[in-house]
Amino acid sequence: MNPFRLDGKVALVTGAGRGIGAAAATRLAEAGAAVLVANRTRADADALADALAARGLQARATGFTADEAGCGQAVADALAAYGRLDLLIHNAGGCPWARLDELDSDTLERTLALNLKSCFWLTRAALPALKARGGRIVVTSSVTGPRVAMLAAAHYAAAKAGVNGFIRTAALELAPHRITVNGVEPGFVAKDRGRLSQPATRARLERYIPLGAAGRPDDIAYAMLFLASDEAGWITGQTIVVDGGMTLPESGQVMEDAWLQAQAAADAAARTAGGADEAAATGAATVAATGAATDAATDAAIGGAVAAAADGAPGAAHRAAAAASGAPAAPPPTGGAHRP
Ligand SMILES: NC(=O)c1ccc[n+]([C@@H]2O[C@H](COP(=O)([O-])OP(=O)(O)OC[C@H]3O[C@@H](n4cnc5c(N)ncnc54)[C@H](OP(=O)(O)O)[C@@H]3O)[C@@H](O)[C@H]2O)c1
């Protein structure tokens with residue numbers, strides 16, 4: 001038997017017109033589910049549903065408005081389209097950046113409605129259908145809020161932390177109905193638009209991701225597919241962090257050290273290529289030197305590296321750290337260097 005099949009199931013996916021939601025809708029449809037692609041920008045929902053249908057998969061499109069009426073309508077559209085509902089995937093979300101002193105009440109309210117309140121509105125609307133056969137609720141949360149913090153994102157972080165509270169409590173309440181409630185917490189997933197996905201900013205961010213690259217929508221979508229599957233039937237009230245390890249380092253200094261150690265390893269490898277005997281001698285010296293040099297160099301470099309990173313020059317922090325260590329500058333580990 002193939003695992004993670006969803007044949008005969010009906011899924012409603014919000015925010016499905018692009019990004020993570022489009023990837024999730026695609027993977028669910030490929031797994032055999034009939035998918036209602038719900039998106040605020042209806043044209044994107046139509047385009048994806050048409051593309052999936054052209055591949056012989058089951059998909060239809062509808063709009064999505066993040067208020068109580070809009071959530072009820074999306075659920076009603078799923079039932080009208082397919083006659084049942086098994087998988088509720090609330091993925092629509094976003095962060096209109098605003099520092100606390102510039103955050104107006106309207107932005108706060110819209111952010112809470114989209115990311116948090118819609119969980120309640122969608123679940124309430126979907127409950128009668130989900131209770132009929134049991135089902136799955138999967139919500140796209142974030143590491144921002146539940147685990148870590150971002151500047152100008154207190155409203156978004158509070159909403160996503162609230163999402164995790166919703167997941168745990170809804171899981172408890174709905175367990176008797178054989179409905180599981182879980183979530184994914186993405187780290188930085190690059191988009192085709194947006195401030196953080198600009199090439200220079202993205203390159204700078206990737207230096208702080210241990211696996212060396214930004215996430216792809218599919219990295220999140222496959223975790224969502226798993227949580228939506230029968231195979232995840234004994235998991236509820238949980239979230240899976242999918243972040244390339246970016247929330248693991250205790251501080252930025254950990255990653256600065258990692259760059260310096262990678263540099264020392266690269267130097268040793270280059271010397272090995274130049275001659276085994278010479279490499280043996282140099283490698284031993286490098287190992288001995290690196291420990292002492294790394295600490296001192298990192299201490300010396302952090303000020304300059306942080307300043308360089310702040311000025312927005314890609315690779316500047318790494319070069320500053322390398323220069324202070326006396327090592328030749330080399331590119332930091334970016335672009336999927338470590339992605340298995
Ligand atoms: N990308 C990341 O790094 C990251 C990290 C952590 C969590 N997340 C979460 O992942 C989810 C998907 O994000 P993404 O990265 O795929 O971003 P995206 O490409 O910007 O997609 C966002 C989706 O949400 C919809 N949406 C945004 N504002 C809306 C509103 N006011 N009303 C209704 N729909 C709205 C968008 O609809 P339109 O197409 O009509 O704009 C779009 O479908 C979100 O919940 C986000 O918070 C993302």
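**Sheet, helix packing and ligand shell in the predicted model**

Over residues 279–336 the pLDDT stays under 50, and for this stretch the model has 86 contacts beyond four places in sequence. The structure is a predicted model, in which the mean pLDDT of the chain is 86 and 81% of the residues reach 70 or more.

Seven strands form an open sheet with parallel pairing, arranged in the order 3-2-1-4-5-6-7. Strand 3 (59–63) and strand 7 (239–242) each have a single partner strand and stand at the edges, so one side of each is left without a neighbour in the sheet. Direction ignored, neighbouring strands of this sheet are turned against each other by 15° on average. Strand 1 (residues 10–14) and strand 2 (residues 34–39) run parallel and are joined by five bridges, with Val10 standing opposite Ala34 in strand 2. Helix 1 packs on the sheet, where strand 1, strand 2 and strand 3 are among the strands touched, and its direction makes about 170° with that of strand 1. Helix 4 lies across strand 4, strand 5 and strand 6 and runs at about 170° to strand 4.

Helix 3 (residues 68–82) packs against helix 4 (residues 105–133) at an angle of about 35°, the axes being 8 Å apart, and the crossing is right-handed. Helix 3 contributes Glu68, Cys71, Gly72, Val75 and Leu79 to this contact, while the residues from helix 4 include Trp121 and Leu122; by class, the contact has eight nonpolar, two polar and one charged residues.

The ligand is surrounded by 23 residues, of which Gly15, Gly19, Arg40, Thr41 and Gly93 are the closest. Helix 1 (residues 19–30) supplies the largest share of this shell, three residues, and the shell has eight nonpolar, 11 polar and four charged residues by class.

Note on methods. Residues are numbered from 1 along each chain as its sequence is written. This is a predicted model: local features need pLDDT of at least 70, side-chain atom pairs count only at pLDDT 80 or more; totals for chains, interfaces and linings use all residues. Axes are lines fitted to C-alpha atoms, for helices over the stretch in contact, and angles run from 0 to 180 degrees between N-to-C directions. Helices (H or I, at least four residues) and strands (E, at least two) are DSSP runs, numbered from the N terminus. A crossing is left-handed if the near helix is turned anticlockwise from the far one by less than a right angle, and right-handed if clockwise. Two residues are in contact if their C-beta atoms, placed from the backbone, lie within 7 Å. Ala, Val, Leu, Ile, Met, Phe, Trp, Tyr, Cys and Pro count as nonpolar, Asp, Glu, Lys and Arg as charged, and the others, Gly among them, as polar. A residue is near a molecule or strand if its C-beta atom, placed from the backbone, lies within 6 Å of it. pLDDT is the predictor's confidence in each residue, from 0 to 100. Two strands pair if DSSP finds at least two bridges between them.
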